[in-house]
Amino acid sequence: MRLVLTTASVPDPHKVSYWSEVMSRTLVPMTVTSLSEGPFEGRIVTGRLGYLQVATVEADAERVSRTPSLVAKSPDPLVAVAVQVSGTAVLVQGDRRVEVSEGELVVYNTAHPYSIHYPRRFATHVFQLPRRALGVSDEELGQATGQAIGREYGLGAILLPFLARLASSSADDYQPAVADRLAGSVVELLATLIAERAHQQGRDDDGRGHLMMRILSHINRNLGDPDLSPELIAQAHQISVRYLHRLFEGEGTTVSRLIRQRRLEECGRELARRGRTSPTVSAVAQRWGFLNPAHFSRAFRAHYGVSPREWRILRTTAGLPPATSSAMGTASSGAEGTPEGPRYGAGLAAAGQ
């Protein structure tokens, strides 16, 4: 039988506390903090298919927290699968932080603390099942939790529409024996997804490294193209822009920042070359993808601490007096002191130069 609980008839001052109690009683003990400016509204529809609990949650912006003390109040460890129907969610569990978009699912372990941030009104299907029913190791489960999985990923293409169909139906639609079989099917598919994801994780670590080297090499070869952008880079490597940004999350920079930094490094090298004839500053800037001279000058000064012309003078003038040498040392240290500087210059050199 389906149970429907809503804040509609609850007085405004008590809506959030009521909702927190409802979520804790229906799913697992948790605290809910409203992020909505007006009166909070929430609705949950829940039912069971054998040992599988199925719930659909619709609510205003909120933050859900499950602390160690709340974990201790749960007698049986559960594994949860959340399918994002609308809005977005940011799940944090352990050292994992993942944004889940509409049409994606994420697996998390209720036996460990976690938080979920819903920045705006949302809807999500939540499936909970006993941890012991999965038959996967703790290591495999740990590798699969906290990752957004869409229809383009392996079993996600099968599991997502199947879960959506189950969530939209009622347990009353099925005989008990059929409900048990359906629950078993969910467990089998989820266990296979977890095992597949855990197996893939090891290969992904190596694959990501090779992919990053190809991306860095591509950036290096195309620095002079003013249209070089995350969108074009992702397209060239047949990945999504979102995945491209994920690759750079652990690298301490962003794609656009790296492109700008590498262009400035090449401009700095060219402006420092000595020769009888030297290209103008604007010509150097345009050769490396800067079409706006004023923007280039500001970016160069922010990176090196001096203007492009001052940099050229400091780097190309012979027999510098002590004061100038000191200034050149300051400019040079400014280049080396840029947070991303030497690391990515070396990386790109290894990737293709």
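## Aromatic pairs and burial

A residue is called buried when its relative accessible area is under 20%. By that cut-off Phe-290 is buried in this predicted model, because its relative accessible area is 5%, and Phe-296 is likewise buried, with a value of 2%. Ring pairs link Phe-290 and Phe-296 with Phe-300, Tyr-304 and Trp-311 into a cluster.

In total, the structure holds eight aromatic pairs. One of them joins Tyr-108 and Tyr-114, whose ring centres lie 4.8 Å apart with 55° between the planes, an arrangement that counts as tilted. Tyr-108 has a relative accessible area of 5% and is buried, and Tyr-114, at 5% relative accessibility, counts as buried as well. Phe-290 and Phe-296 also form a tilted pair, because their planes stand at 50°, with the ring centres 5.1 Å apart.

## The six-stranded sheet

Six strands form an open sheet in the order S1-S3-S4-S11-S6-S9, and their pairing is antiparallel. Strand S1 (3-6) and strand S9 (105-109) each have a single partner strand, so one side of each is left without a neighbour in the sheet. From one strand to the next, the twist averages 20°.

Within this sheet, strand S6 (residues 78-86) and strand S11 (residues 122-130) run antiparallel and are joined by eight bridges; Ala-80, for instance, has Gln-128 of S11 as its bridge partner. Helix H1 (residues 15-26) packs on the sheet, where it touches S1, strand S3 (42-49) and strand S4 (52-59), and the direction of H1 makes about 10° with that of S3. Helix H4 (residues 156-168) lies across S3, S4, S6, S9 and S11, and it runs at about 95° to S11.

## The five-stranded sheet

An open sheet of five strands, also with antiparallel pairing, has the order S2-S5-S10-S7-S8. Its edges are formed by strand S2 (31-34) and strand S8 (96-100), each of which pairs on one side only. With direction ignored, neighbouring strands of this sheet are turned by 15° against each other on average.

Strand S5 (residues 62-66) and strand S10 (residues 114-118) run antiparallel and are joined by five bridges, and Val-64 stands opposite Ile-116 in S10. Helix H1, which packs on the six-stranded sheet, also lies across S2 and S5, running at about 145° to S2.

Key:
Residues numbered from 1 in each chain as written. Predicted model: local features only at pLDDT ≥ 70, side-chain atom pairs only at ≥ 80, totals over all residues. Heavy atoms only, no water. Pairing = 2+ DSSP bridges. Helix = DSSP H or I, 4+ residues; strand = E, 2+ residues; numbered from the N terminus. Axes fitted to C-alpha atoms, helices over the stretch in contact; angles between N-to-C directions. Contact = heavy atoms within 4.5 Å. Phe/Tyr/Trp six-rings, centres within 6.5 Å; stacked < 30°, edge-to-face > 60°. Buried < 20%, exposed > 50% of the residue type's maximum accessible area, 1.4 Å probe, protein only.
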